[in-house]
Amino acid sequence: MLFNSKNYKWLVVALLWVVALLNYLDRQMLSTMKASMQVSIVELQTAANFGQLMAIFLWIYGLMSPISGLAADRINRKWIIVSSLFIWSAVTLLMGFAQNFTQLLALRALMGFSESLYIPAALSLIADYHDSKSRSIAIGIHMTGLYIGQSLGGFGATIAASFSWQATFQLFGFVGVGYALLLMILLKENRKKEEENAIEVPENQIVTNLKSLFGNTAFILLLLYFTIPSLSGWGIKNWLPTLFSQSLKIDMAQAGPLSTITMAFSSLVGVLAGGYLSDRWIQTHIRGRIFVSTIGLGLTIPALFLLGFGTEVWHLVGAAICFGLGYGMFDANNMPILCQIVSEKQRGAAYGLMNMCGVFAGALITNILGKSTDQGNLGYDLASLGGLVFIALGIFLALIKPKTSK
């Protein structure tokens with residue numbers, strides 16, 4: 001009865017919201033627990049080794065994203081999601097038992113592989129359950145799970161201080177494994193029977209799908225449109241606490257919560273507002289989702305300039321709120337816009353490619369801004385990203401003209 005209910009499509013969003021939260025929580029915890037972990041694992045006392053531990057996740061995640069997308073187009077997405085959650089949760093659990101740097105590095109690489117499987121399958125499944133009347137708001141609600149998970153991941157150090165870093169990893173790993181078992185019962189695929197178990201993908205069909213995607217000018221433009229703002233998105237995500245600390249001359253203990261909570265709350269509002277507005281606008285204009293996305297991205301441009309050159313609390317907090325709202329509106333509409341320009345059978349692969357480019361952009365800008373911070377140019381270089389966003393926004397708004405609202 002539950003699976004036949006008209007409301008089941010919203011239960012899918014609710015079920016996957018928890019998975020999204022765990023997805024970001026488990027990956028972000030590590031970044032906050034360096035001080036606790038380096039007591040037991042001396043290799044982590046150097047920034048280079050800790051950076052290597054963080055980077056291996058991004059590179060594996062990015063490399064795997066296109067493959068994960070192709071899998072989402074052909075394999076039962078329920079089992080991709082359940083397997084992904086189970087593996088990365090088991091990895092999180094095992095990190096609590098790691099005794100040296102080599103073990104942590106191997107586990108972090110495996111986490112990058114397993115977490116890469118989730119997003120293309122989850123967004124594709126939600127898109128199939130929801131039509132044009134509710135697709136953006138459904139994806140927007142799901143995205144709030146990522147933001148809240150990212151925010152909660154910042155409390156890993158707090159829990160570790162009360163117990164231990166080992167117990168923190170073990171706790172959240174155990175929760176994820178248990179939820180994966182629950183998901184096996186409650187989650188249901190929404191694809192035609194003959195397509196559900198097509199595990200073997202003919203090589204020529206993969207090549208054909210990729211040629212079709214790269215022969216689609218609208219998709220190439222969307223890929224660029226997604227990648228360029230990812231530079232500022234990842235830059236803000238990884239360096240905003242440092243920027244707050246430097247610009248306001250306050251301790252990281254204050255700058256961290258102030259910056260991350262501000263961004264998480266405003267981004268949450270942005271994805272919900274952007275999703276709702278997009279679903280309304282698409283009913284009257286075929287480019288409605290594009291208009292909402294570009295309005296949101298437009299808000300990030302002055303925000304980046306103010307973040308780069310602001311020196312007062314109200315400058316930076318106001319700019320962070322503006323950036324979070326705008327980026328949330330942009331984030332909520334990437335998959336819905338993708339659904340307007342590629343076929344249902346290509347959504348997973350297409351989003352996987354977008355995800356790969358976005359993550360690689362993140363790895364690149366994180367390294368560049370790290371050097372920029374050492375040179376005292378973090379604010380200036382963050383502000384300069386606003387110019388790139390402006391160019392991407394103008395090209396996308398002028399050239400993308402989808403032929404369907406579905």
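Leaving aside its neighbours within four places in sequence, which residues is Arg 347 in contact with? Counting contact as heavy atoms within 4.5 Å, the list is Asp 73, Ser 124, Ala 127, Asp 128, Arg 135, Met 335, Leu 338, Cys 339 and Val 342. Before we go on, note that this is a predicted model, where local features need pLDDT of at least 70, side-chain atom pairs count only at pLDDT 80 or more, and totals for chains, interfaces and linings use all residues. Residues are numbered from 1 along each chain as its sequence is written, and side-chain values use heavy atoms, with hydrogens and water left out.

Let's stay with Arg 347 for a moment. You'll find it in helix α16, residues 347-374 (helices, H or I, are DSSP runs of at least four residues, numbered from the N terminus). Arg 347 counts as buried because its relative accessibility is 4%, and buried means under 20% relative accessible area with a 1.4 Å probe, protein chains only. Its side chain also makes a polar contact with the side chain of Asp 128, at 2.8 Å. For that label, a pair of N or O atoms must lie within 3.5 Å; within protein, one must be able to donate a hydrogen and the other to accept it, and residues adjacent in sequence count only if both atoms are side-chain atoms.

Among the buried ones are Tyr 118, Ala 122, Leu 125 and Ile 126. Those four turn up again as contacts of Leu 16.

Now for some rings. Phe 323 and Tyr 327 both lie in helix α15 (residues 313-341), 4 residues apart, about one turn of the helix. Tyr 327 also pairs with Phe 330, and that pair is tilted: 5.2 Å centre to centre, with 55° between the planes. Rings of Phe, Tyr and Trp (its six-membered ring) pair if their centres lie within 6.5 Å; planes under 30 degrees apart count as stacked, over 60 as edge-to-face and the rest as tilted. Phe 330 is buried, with a relative accessible area of 0%.

Notes: Buried means under 20% relative accessible area, exposed over 50%, partly exposed in between (1.4 Å probe, protein chains only). Helices (H or I, at least four residues) and strands (E, at least two) are DSSP runs, numbered from the N terminus.
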